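Dear colleague,

I am passing on the structure below, together with some notes on what was found in it. Please read the notes with the coordinates open beside them.

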Amino acid sequence: MTAGMTLTNRTTAEHELAALQREHGRPLFALLLRLCDGDRQRAEDLAQETLVRAWQHPEALRADDFDSVRPWLMTVARRLAIDARRARQARPAEVGDAVLENARVMSDHAERAAEVLDVREAVKTLTREHRDVLVLVYFQGASVAEAAQTLGIPPGTVKSRAYYALRALRRVLPGYAPDLR
């Protein structure tokens with residue numbers, strides 16, 4: 001840039017940009033809306049970016065090689081839309097706020113492992129009779145009748161031991177099963 005050249009010689013004047021927007025804004029937006037699969041916000045962003053490119057390259061807009069700048073604008077807009085689509089495909093899908101609000105909260109692996117260790121330690125505090133019933137019925141999935149047969153005790157005793165074993169666990173593990181109180 002020479003000392004005599006001013007910044008306005010390098011860029012499109014503001015009034016020329018406003019005229020570009022008025023004359024070519026609607027067709028430009030319509031093209032981008034189609035290229036963006038109906039996403040109005042993305043189309044508006046790309047239309048604005050196209051006009052920024054026009055502002056940055058006034059030489060292309062003043063070229064005497066063509067009657068209208070519309071083909072140049074449409075080409076720039078199309079290329080920007082293609083680049084934007086490629087960029088979106090190269091990164092993970094965006095998640096909207098509604099999806100996040102409705103997502104289930106999952107505990108992480110470390111939290112789950114800590115809970116398992118807590119429960120194992122708590123089960124060790126039970127009497128052997130209570131622990132045997134609990135392991136058979138809750139951890140191995142045996143029915144009351146199956147547990148009674150395996151342990152050689154009546155089904156009523158299995159139920160009562162299971163009840164008292166769970167009650168003892170609730171005392172040792174406060175906050176783990178508030179709905180069972």
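With which residue does Lys-124 form a salt bridge? The partner is Glu-121, and the closest N and O atoms of the two are 3.3 Å apart; please bear in mind that this is a predicted model. Because Lys-124 and Glu-121 lie three residues apart in helix 7, about one helical turn separates them. Lys-124 is exposed, at 57% relative accessible area, whereas Glu-121 is partly exposed, at 48%.

The count of salt bridges comes to four. Another of them joins Arg-85 to Asp-37, with 3.2 Å between the closest N and O atoms, and this pair links distant parts of the chain, since Arg-85 belongs to helix 5 (residues 70-90) and Asp-37 to the loop between helix 2 (14-35) and helix 3 (40-56), 48 residues apart. Here Arg-85 is partly exposed, with a relative accessible area of 29%, while Asp-37 is exposed, with 61%.

Turning to the helix packing, the axes of helix 8 (residues 128-139) and helix 10 (residues 155-172) come within 8 Å and cross at roughly 100°, which means that helix 8 is roughly perpendicular to helix 10. The contact of these two helices has ten nonpolar, one polar and two charged residues; among those meeting there are Val-133, Leu-134 and Val-137 from helix 8 and Ala-162, Ala-165 and Leu-169 from helix 10. In helix 8, Val-133, Leu-134, Leu-136 and Val-137 are buried, and the buried residues of this helix pack against helix 7 (109-124), helix 9 (144-151) and helix 10. Just after helix 8, Gly-141 takes a positive phi of about 75°.

Conventions
Residues numbered from 1 in each chain as written. Predicted model: local features only at pLDDT ≥ 70, side-chain atom pairs only at ≥ 80, totals over all residues. Heavy atoms only, no water. Axes fitted to C-alpha atoms, helices over the stretch in contact; angles between N-to-C directions. Helix = DSSP H or I, 4+ residues; strand = E, 2+ residues; numbered from the N terminus. Parallel < 35°, antiparallel > 145°, perpendicular 65-115°, else oblique. Contact = heavy atoms within 4.5 Å. Nonpolar A, V, L, I, M, F, W, Y, C, P; charged D, E, K, R; others polar. Buried < 20%, exposed > 50% of the residue type's maximum accessible area, 1.4 Å probe, protein only. Salt bridge = Lys/Arg side-chain N within 4 Å of Asp/Glu carboxyl O.
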